[in-house]
Amino acid sequence: MQEVKSEKVFLRNVIGNYVAELGKDNDKIVVVNADLAGTSRNQNFVEQFQERSFNVGIAEQNLASFAAGFAHEGFIPLIFTMAPFMSMRACEQVRTDIAYANANVKMIASYAGVSGGISGATHWAIEDCAIMTGIPGIIVVEPSDAVQAKKLFQQSIDIQGPVYFRMGVEPQENLYSENHKFQLGKATLLHDGKDGAFICSGVTVQYALHAAEKIEAEYKKKIKVYDMHTIKPIDISAIIDAAQTGKIVVAQDHSIIGGLGYAVKSIIAENGLSVKIKVLGVPDKFVAMAHAPYLYKKFGYDEDGLYESMKNLLGLE
């Protein structure tokens with residue numbers, strides 16, 4: 001188990017600054033913005049490498065097609081915008097110009113889930129994993145802390161083909177030490193146990209870890225916590241291992257339809273496993289805008305919600 005540090009960081013800041021570091025070592029990297037360099041936190045790259053920085057304006061469909069052209073010329077385009085605009089406004093161009101051609105484009109999307117808070121439903125991305133995992137050839141990644149975000153992003157750069165990198169805008173705890181090793185497509189076991197399992201991604205991982213620690217302290221029940229940072233291709237062996245506990249709670253800042261929850265349930269069904277399972281996420285309805293932490297609590301995938309859901313599966317009072 002990793003030591004959880006108290007400080008929190010904004011992952012879009014981490015990735016935005018890291019892109020500038022990568023730009024120094026690789027002159028094939030270009031950054032393309034849809035008028036959101038500030039929001040995407042990649043101003044450092046833009047300032048240092050103006051000849052490799054482009055702004056297509058508020059035109060996400062052009063963003064995807066423009067980047068695909070760069071990829072065909074041997075560059076590695078990193079395209080930045082908000083997750084709802086990348087996955088929905090530019091969906092056809094992402095599918096046809098990027099994925100169909102296996103173009104080497106890395107899509108960095110902020111405002112995942114309801115992390116956009118009071119920006120409201122137009123700026124929430126509660127459908128993006130369902131959309132992106134449904135497009136052939138796209139790797140879908142959702143990091144849970146700063147160390148993991150940088151290392152998985154570097155691996156994404158080294159892979160030939162499209163990658164969708166989704167991040168919220170709420171700060172997230174540091175969960176991993178700097179020397180921790182990660183592998184795309186391979187979940188990380190943060191906390192071991194035999195009585196139940198949390199399978200989570202992104203912002204919900206920190207909540208699951210605290211919930212597991214609380215259950216262990218109060219009830220002496222040990223709960224696995226799997227950080228499923230790669231939504232596609234998903235780690236089938238980790239899901240099968242979690243199912244051996246007989247009880248699984250899945251959580252993601254995403255609609256309960258599609259996304260991580262559906263993927264986990266599909267693997268369980270395909271392998272004929274018998275397990276009690278609860279999927280937590282955004283319900284199948286539009287709700288009024290509110291700050292993200294309030295929404296996480298309302299939808300039951302904050303620390304308290306995860307704790308209560310696992311308690312219910314365990315039959316604890």
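Mentor: What follows begins with the basis of the values, then turns to one strand, its partners and a nearby topic, and ends with the whole chain. This is a predicted model, in which local features need pLDDT of at least 70 and side-chain atom pairs count only at pLDDT 80 or more, while totals for chains, interfaces and linings use all residues. Residues are numbered from 1 along each chain as its sequence is written, and side-chain values use heavy atoms, with hydrogens and water left out.

The part I would look at is strand E5, residues 106–110, where strands (E, at least two residues) and helices (H or I, at least four) are DSSP runs numbered from the N terminus. Strand E5 is mostly covered, since five of its five residues are buried; buried means under 20% relative accessible area, exposed over 50%, and partly exposed in between, with a 1.4 Å probe and protein chains only. Lys106, Ile108 and Ser110 point one way from E5, whereas Met107 and Ala109 point the other way, and all are buried.

Two strands pair if DSSP finds at least two bridges between them, and E5 has such pairings with E4 and with E7. With strand E4 (residues 76–82), the pairing is in the parallel sense and runs over five bridges, and within it Phe80 has Ile108 of E5 as its bridge partner. With strand E7 (residues 163–166), E5 is joined by four bridges, and these two strands also run parallel; here Ala109 has Arg166 of E7 as its bridge partner.

Ser40 lies in helix H2 (residues 37–40) and is buried, with a relative accessible area of 4%.

As for the whole, the protein chain has 13 helices and 14 strands. Its radius of gyration, taken over C-alpha atoms, is 19 Å, close to the 20 Å that the globule rule gives for 317 residues, so the chain is as compact as a globular protein of that length; the rule is 2.2 Å times the number of residues to the power 0.38. Buried residues make up 59% of the 317 residues in the protein chain, and residues 24 or more positions apart account for 79% of the contacts with a separation of 6 or more.

How values were computed
Contact = heavy atoms within 4.5 Å.
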